[in-house]
Amino acid sequence: MKVGIIMGSQSDLKVMSEAAQVLEELGVEYELTVVSAHRTPERMFDYATSAKKRGLAAIVAGAGGAAHLPGMVASMTSIPVIGVPVKSRNSIDGWDSILSILQMPSGVPVATVALDGAKNAGILAAKIVGVTDSKVSDNVEKFMQDMKDKVLTSANEIETDGWESKI
């Protein structure tokens, strides 16, 4: 099973590449492309309606501004869609994107991560894949343990060396 990563335009790539990077780190196959809800609605329709048949386990969809892409894709597929609100250059501090993705109507859920939170979207997608792929699940567990170890190391260093040495 693999994950689809889509975005409304190439300008979203800097943010959305973080999903690709973490999926690579976790050993999850993915595809990445541009699918605009407003400029290429036919492409969006084809992408969403063929996603399950193509073997996608989840779709990470990033969009800025009006941010219709995640919701429209979710309305056309039964696989989970994770929305990434992107703070675009014409954004209202990102709130337009956040609310467009977060406030979906009943029956059309989109899991929504933080503004520019593509890394977390990738991790969530890996957890979804990990439900049926034990290797990916093991990789996610190791990733989580590594984060825990890093925090414990930092805490130990601050407690031992004092906070002043860490600024």
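Modeller: Let's start with Ala67, which is found in the loop between β3 (56-64) and α3 (69-74); helices (H or I, at least four residues) and strands (E, at least two) are DSSP runs, numbered from the N terminus. This is a predicted model, where local features need pLDDT of at least 70, side-chain atom pairs count only at pLDDT 80 or more, and totals for chains, interfaces and linings use all residues. Residues are numbered from 1 along each chain as its sequence is written, and side-chain values use heavy atoms, leaving out hydrogens and water.

Colleague: What makes the phi of Ala67 worth a look?

Modeller: Phi of Ala67 is near 50 degrees, a positive value in a residue other than glycine. Most residues other than glycine have a negative phi.

Colleague: Why is Ala67 called buried?

Modeller: Buried means under 20% relative accessible area, exposed over 50%, and partly exposed in between (1.4 Å probe, protein chains only). Ala67 has a relative accessible area of 3%, so Ala67 is buried.

Colleague: Where is Asp93 found, and what is its phi?

Modeller: Asp93 is found in the loop between β4 (81-86) and α4 (95-102). Its phi is about 55 degrees, positive although Asp93 is not a glycine.

Colleague: Does Asp93 count as buried or exposed, and why?

Modeller: Asp93 has 55% relative accessibility, so Asp93 counts as exposed.

Colleague: How many residues of the protein chain count as buried?

Modeller: Of its 167 residues, 43% count as buried.

Colleague: And what pattern does the protein chain follow along the sequence?

Modeller: The pattern is β-α-β-α-β-α-β-α-β-α-α, and the secondary structure comes to six helices and five strands.
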